[in-house]
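Trainee: I would like to understand how labels get attached to residues and strands. Could we go through some of them together?
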Amino acid sequence: MIRITRIAISLLLLVQSIQLSAEQQVDPAGSPRPKVVEVAEAWVGLTPPTMAMNAGYFSLSNLSDNPIELVSVTSPAYGSIEIHQSQLLNGIASMRMLPTLTIQAHQQVQFESGGLHLMMRKPIVAMSLGDSAVVQLHFKNGTSVHVEMPVLKSKSRDSHHEQHNHHQHH
Ligand SMILES: [Cu+2]
């Protein structure tokens, strides 16, 4: 009897997680909404297990007729995630934190190496190739978007991780 209950519960959890990834966008009341945000080409860098931060990239499209504002990003895999903008100031690479990011109606914003990125700190588990970081993007209008970001090798030499680790020599 106990065993049957356990199986039923695990099936229920499975069904819930499948529904969550299929729907992706859920309002605070839990009911599905028309798709407002589309996320594509999501990935996080492959980092050594000793590294206390990572960078995440994707393209973010606003499919709606109104501006949307990304206000926070959370993940069970990281202690903190910020929206960062890399920039060159007098030839020196630096970055600043953006408290929020507005995407105008029907516009796409690209997070990419050397530009916008998610600054993901305090990894809770070590991740390797084949793993994915699950993050939630939270928008001011209450929409949350579930994104799976596979771990990939950095795509370009001026990768974020070099900018963050001037003291590490490769
Ligand atoms: Cu950064």
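Trainee: Why is Asn90 called exposed?

Mentor: Good place to begin, and keep in mind that this is a predicted model. Asn90 has 5 C-beta neighbours inside 10 Å. A residue is exposed if that number is 12 or fewer, so Asn90 counts as exposed.

Trainee: Where is Asn90 found, and what is its phi?

Mentor: Asn90 sits in the loop between strand S5 (78-89) and strand S6 (92-98). Its phi is near 50 degrees, a positive value in a residue other than glycine.

Trainee: How do you know whether Lys122 is buried or exposed?

Mentor: Lys122 has 11 C-beta neighbours inside 10 Å. The cut-off for exposed is 12 or fewer, so Lys122 counts as exposed. Lys122 belongs to strand S9 (residues 116-123), and its phi, near 55 degrees, is positive in a residue that is not glycine.

Trainee: What makes Ser144 partly exposed?

Mentor: Ser144 has 16 C-beta neighbours inside 10 Å. Exposed needs 12 or fewer and buried needs 20 or more. The value 16 lies in between, so Ser144 is called partly exposed. Ser144 is in strand S11 (residues 144-152).

Trainee: What makes strand S2 a partner of S11?

Mentor: Strand S2 (residues 37-45) and S11 share two bridges, in the parallel sense. At least two are required, so S2 and S11 count as paired. Gly45 has Leu152 in S11 as its bridge partner.

Trainee: How many helices and strands does the whole chain have?

Mentor: The chain has two helices and 11 strands, in the order α-β-β-β-β-β-β-β-β-β-β-β-α along the sequence.

Trainee: What share of the chain counts as buried?

Mentor: Of its 170 residues, 24% count as buried. As for contacts between residues at least 6 apart in sequence, 69% join residues at least 24 apart.

Note on methods. Residues numbered from 1 in each chain as written. Predicted model: local features only at pLDDT ≥ 70, side-chain atom pairs only at ≥ 80, totals over all residues. Helix = DSSP H or I, 4+ residues; strand = E, 2+ residues; numbered from the N terminus. Contact = placed C-beta atoms within 7 Å.
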